[in-house]
Amino acid sequence: MTDLVVPTKSEKVVVEHLFQRDAVIRQSQLVVDWLESIAKDQIGDFSDNIEFYTKNVCWENTLHALKLRRTSGAVFTVPLVTELDPDAPLRQQRPLADLDREDDARLLKNLFSLIRAGMTQEAQRLCMRCGQAWRAATLEGWKLYDDPNMSSGSVKVQPVEGNPHRGIWKACCWRLAEEEQLNRYERAIYASLSGNLKPLLAVCESWEDYVWSYFRVMVDSLVEQELMSSGMTHQEVGILPREYLEANWTMEKVFEELQASESERVLAGSREHYHIIHKFVILGDLDGLLEEFSDWLTASKPLPSHLLRFMTHLLLFFRSLGLALKEEVCVEVLKVYVSLLIRDQQCDLVASYVSQLPADLATAQYATFLETINQPELRPHCLQLATSAGLDVAAVTKLVVEKVRERDGTEFSHHSQNLESETTQEDQRKIDVIDWLLFEPAHRAEALKQSNAIMRKFLALQKHDAAKAVFTKVPEDSMKEIYRQWAEFCQSTPLPAEDENAIREHLCIRAYLEAHEAFTDWFSHSSSAPQKPVPVPEVKFTERVANEMREREYQASLSAWSCRMDVLTEDVKERIYNVLLFVDGGWMVDNRQDSEQDAERRHQMAVLRSLCLPRLTFLLLSVLQNSSRHQEALQLADIISSEQHRLYQVFSKDELRRFLQKLRESSLSLLDGGFDPLGYELQA
């Protein structure tokens with residue numbers, strides 16, 4: 001028989017040094033600890049709920065049967081063990097009582113679950129509670145030997161830790177794990193303690209169980225190899241298989257083994273999204289992980305929202321560590337997750353995730369989100385969140401307005417008279433979108449420019465009510481506010497040309513809308529002239545008196561109507577002339593040419609001049625002709641042909657032909673009235 005030899009060095013110290021210098025074993029142990037913590041969370045306070053029929057006596061049913069046989073001399077139909085030491089069933093090749101076997105099977109399964117959850121001490125306490133103190137002792141032998149008295153030099157004796165005969169214990173555990181007559185969970189318990197992989201895999205049910213088994217065996221093998229290389233190997237360890245002692249385990253090899261597994265459950269688990277992420281994180285292969293992310297995003301099947309959130313948070317965590325990542329994949333994951341948040345209207349979360357994107361993309365993504373916000377009360381809150389997240393709020397609000405106003409893509413050109421001029425739902429969205437630029441006074445200049453752009457489109461489509469709705473959105477003090485802000489920013493420099501031209505354009509649009517509103521009022525009033533009463537035949541005196549009263553009332557109403565008509569005619573005339581003779585270069589003409597060139601805006605303004613100025617001219621002609629002011633109508637010819645204003649340049653040939661035809665009608669009316677063609681009295 002071999003003499004027992006106590007180690008002369010500290011196994012614990014050797015292994016501690018191994019963990020300090022070897023990153024692989026440290027990381028492998030972290031994987032084991034992580035998987036055990038997951039199992040512990042799932043197991044809960046499980047040991048208190050185990051239904052064992054034994055209390056402080058082990059195998060009490062077998063004990064009762066043996067006592068009964070001794071006292072009564074009865075013979076059992078089924079042979080039972082005759083001794084109750086722990087090795088008796090295996091040594092005698094006889095079973096325990098049925099109830100004891102059931103209790104043992106249940107106990108062993110739950111003991112393994114506790115060890116799988118890293119709760120070895122709890123497993124030992126459970127053994128003690130069930131009267132199996134010897135089994136609790138077998139779970140103690142894994143501890144590394146450490147005698148501090150050998151190296152401390154202290155006179156005071158310090159306690160010794162661990163198992164000095166760990167080699168014998170481990171060899172016994174290995175043999176027990178190989179014993180096929182034992183319960184499979186009992187074999188798995190000792191396999192986990194001795195690094196015997198095959199019996200351990202036999203009880204694994206999930207992908208996590210398999211990974212835990214491989215990594216636990218890997219750590220055990222690396223520890224044993226380190227002790228061997230340090231000359232501390234127990235003689236009994238040599239009994240262990242050579243493939244265990246010389247195994248060259250790596251993390252990559254573990255996952256290769258899992259991929260080659262014959263178990264469908266393991267293979268299915270290896271294909272699960274979360275397990276793939278676990279694999280790449282464990283291996284530290286971030287490039288491979290991001291390639292997987294990219295493949296998932298391009299797949300036809302959409303990813304579950306919880307998985308997408310986890311992917312996003314994982315990448316943000318890696319970023320916070322300063323790890324090198326493929327930026328394009330990170331951006332794509334964030335974009336998809338932001339789209340998910342926008343779809344689910346997670347208003348409080350969008351800004352913080354959008355802020356993790358590159359600046360230009362962040363602006364575009366948040367603008368897309370703001371397009372979906374239809375509740376006015378949420379809009380200031382969303383902008384406040386954007387400010388807190390560090391987003392460029394001015395750029396975001398500008399972009400959301402531009403996206404909404406350019407959505408329909410209608411061509412900006414000469415419109416047909418038959419176009420629908422009512423405000424549609426899409427028009428209303430364009431009207432309301434200006435609100436995004438009105439929350440902050442600092443954005444007032446941009447609000448003016450964007451509102452001008454929207455109103456230009458509405459005017460081109462003859463949607464005057466919609467244009468007026470946009471105009472009334474802009475606060476009346478906007479121009480004053482723009483000048484005030486610029487004065488605070490740079491007192492000595494004049495207002496930028498873009499802002500000054502935007503203010504002038506705003507005034508141009510106001511003049512046009514006022515002229516159109518004045519004409520609408522005139523037209524409405526002209527259509528409501530009092531009707532001359534039809535006289536009733538004067539059969540009686542009372543009827544004659546009633547006719548006279550109706551006539552007087554009609555004459556009074558007609559006089560009031562005519563006076564009001566004259567006032568409205570003068571108002572229309574004045575306001576249309578304000579547009580036709582707009583100061584400093586004309587209506588919809590920039591006063592300053594040193595601004596940045598915006599070809600589209602210049603084109604739209606030129607088109608509006610050719611659309612609106614002829615139209616207003618014809619409206620004024622109709623007002624003057626219907627009011628019998630033919631001489632004033634003829635004076636329009638001087639204004640249109642004037643080289644100072646050059647309004648004739650905005651008329652097409654057909655429009656000029658119509659204009660001259662209208663003037664001809666006025667001249668004929670004047671001739672019919674006894675005047676010359678220009679409205680002057682004829683000389684005798």
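**Salt bridges up close**

Reply: R601 and E505 are both buried. This is a predicted model. The side chains of R601 and E505 form a salt bridge, 3.1 Å from N to O. R601 belongs to helix α30 (residues 599-626) and E505 to helix α28 (residues 497-526), so their contact ties together parts 96 residues apart in sequence.

Next, E551 and K532. Their side chains also meet in a salt bridge, at 3.4 Å, N to O. E551 lies in helix α29 (residues 541-580), while K532 sits in the loop between α28 and α29, so this pair links parts 19 residues apart in sequence. E551 is partly exposed, because its relative accessible area is 27%. K532 counts as exposed, because its value is 51% and the cut-off for exposed is over 50%.

Then E11 and R166. A salt bridge joins their side chains at 3.5 Å, N to O. E11 is in helix α1 (residues 11-21) and R166 in helix α9 (residues 166-178), so the pair ties together parts 155 residues apart in sequence. E11 has 0% relative accessibility, so it counts as buried. R166 is buried too, at 4% relative accessibility. Buried means under 20%. Salt bridges with shared partners connect E11, R166, K170, D220 and E224 into one network.

As for the total, the structure holds 42 salt bridges. The pairs described here include R601 with E505, E551 with K532 and E11 with R166.

How values were computed
Residues are numbered from 1 along each chain as its sequence is written. This is a predicted model: local features need pLDDT of at least 70, side-chain atom pairs count only at pLDDT 80 or more; totals for chains, interfaces and linings use all residues. Side-chain values use heavy atoms; hydrogens and water are left out. A salt bridge is a side-chain nitrogen of Lys or Arg within 4 Å of a carboxyl oxygen of Asp or Glu. Helices (H or I, at least four residues) and strands (E, at least two) are DSSP runs, numbered from the N terminus. Buried means under 20% relative accessible area, exposed over 50%, partly exposed in between (1.4 Å probe, protein chains only).
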